Amino acid sequence: MIHTRLGATNLLGLMSLGPNGTIGHANADILNRRGSNVLGSNLLSEFYARSEPVARRQMLRVGRKFSVARGYPIPKGFFDDYPRFYTTSQTTAIPNRLNQRHKACIEWNAEAIRGKRILDLASHDGRWSFAAIKAGAVNVVGIEARNYLVQSATANLRDYGVPDNSFSFISGDAFEQLDRVEPHSVDTVFCLGFFYHITNHMLLLSKIARLKPKYLILDTAIHFDPNNVILLYTEDPEGEANAASIEPDAPERALCGAPSKGALQLMLSNFGWSFAYYDWHRAGIRRWDSIEDYHEGWRVTLRVTCAV
Ligand SMILES: C[S@@+](CC[C@H](N)C(=O)[O-])C[C@H]1O[C@@H](n2cnc3c(N)ncnc32)[C@H](O)[C@@H]1O
């Protein structure tokens, strides 16, 4: 059974990196005080401070294993050839993060993208829509709540020579716009960096299921609770990375929910879907700068197979 637990306050920081890759938190020293020389502990700390004891123990175990091989250069990657994407977003447009996410979300899913029709939910400045086209997608439709990001996405793809007839970006709420998409018109749905900015996860998944896609690529923060729970928190809709307030009379802070791994898996299984996790620890990563959340396990990347 899935139940929700009301988080005491804002957990925004645990989900978001600043443009410079750092997150400052009052609790940043928690792990260090406990003697673990944990780089990126500030990423972990907010989660830690608000977690149940069992989850805390798990986080400490993960934290102790954390090591960064200093001295290795930050590797080059896909987005270094398309640097517009470092400037058209304020949302973790950090080269190492974008490039390593490209390996996880795009390269690892080559088969689910090449020759496929892609629906990119929360398409932002078009970073993943563009990457999908470059990976051989036949066309991409992006849905993005913030209109200026839709404009940036269009400009980015045009600037990099993507033909107009292979992409379109729709400005609007993902939940509303999904209803306008025809079943069987999409092969692969991207839900990258969006699943923890919502509270109605099952509704979103059922709207995706209605389209009968073959694959869903999911990249999401998760909550370190051993139970099947969704941790509610609020965030500021002014933040570009955050849940957008669609309604004019929306509350000042947007309510969001981060599912635990168990809850996430239970929800996916409920649709009869199977899934595989990208193994961030076997991806040959030596520099975890700006991708600490993946290292620590509270952000995951999955390929969900919806139809065989
Ligand atoms: C953390 S960013 C993720 C961007 C990109 N998909 C990625 O993974 O890098 C979240 C995105 O969701 C968009 N967004 C928030 N609420 C939305 C909604 N209700 N419908 C569509 N997009 C939304 C935001 O504007 C933002 O671009």
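In the predicted model, a backbone N or O atom of Ala-145 is placed 3.2 Å from a nitrogen atom of the ligand. In total, the ligand is surrounded by 23 residues. Arg-146 is listed among the closest of these, together with Arg-101, His-124, Arg-127 and Glu-144.

Arg-101 and Arg-127 also belong to a contact between two helices, α5 and α7. Two packed helices are described by the angle between their axes and the distance between the axes. For helix α5 (residues 95-105) and helix α7 (residues 127-134), the axes come within 11 Å and cross at roughly 50 degrees. At this angle α5 is therefore oblique to α7. The crossing of the two helices is right-handed. On the α5 side, the contact is formed by Leu-98, Arg-101 and His-102, and on the α7 side by Arg-127, Trp-128 and Ala-131. Sorted by class, the residues of the contact of α5 with α7 comprise 3 nonpolar, 1 polar and 2 charged.

Another helix pair is formed by α10 (residues 201-210) and α11 (residues 261-270), whose axes come within 10 Å and cross at roughly 35 degrees. The crossing of α10 and α11 is likewise right-handed. Here His-201, Met-202 and Leu-205 of α10 meet Met-267, Leu-268 and Asn-270 of α11. The contact of α10 with α11 contains 4 nonpolar and 2 polar residues, with no charged residue.

Definitions and conventions. Residues are numbered from 1 along each chain as its sequence is written. This is a predicted model: local features need pLDDT of at least 70, side-chain atom pairs count only at pLDDT 80 or more; totals for chains, interfaces and linings use all residues. Side-chain values use heavy atoms; hydrogens and water are left out. Axes are lines fitted to C-alpha atoms, for helices over the stretch in contact, and angles run from 0 to 180 degrees between N-to-C directions. Helices (H or I, at least four residues) and strands (E, at least two) are DSSP runs, numbered from the N terminus. Angles under 35 degrees count as roughly parallel, over 145 as roughly antiparallel, 65 to 115 as roughly perpendicular and the rest as oblique. A crossing is left-handed if the near helix is turned anticlockwise from the far one by less than a right angle, and right-handed if clockwise. Contact means heavy atoms within 4.5 Å. Ala, Val, Leu, Ile, Met, Phe, Trp, Tyr, Cys and Pro count as nonpolar, Asp, Glu, Lys and Arg as charged, and the others, Gly among them, as polar. A residue is near a molecule or strand if one of its heavy atoms lies within 4 Å of it. A polar contact is a pair of N or O atoms within 3.5 Å; within protein, one must be able to donate a hydrogen and the other to accept it, and residues adjacent in sequence count only if both atoms are side-chain atoms.
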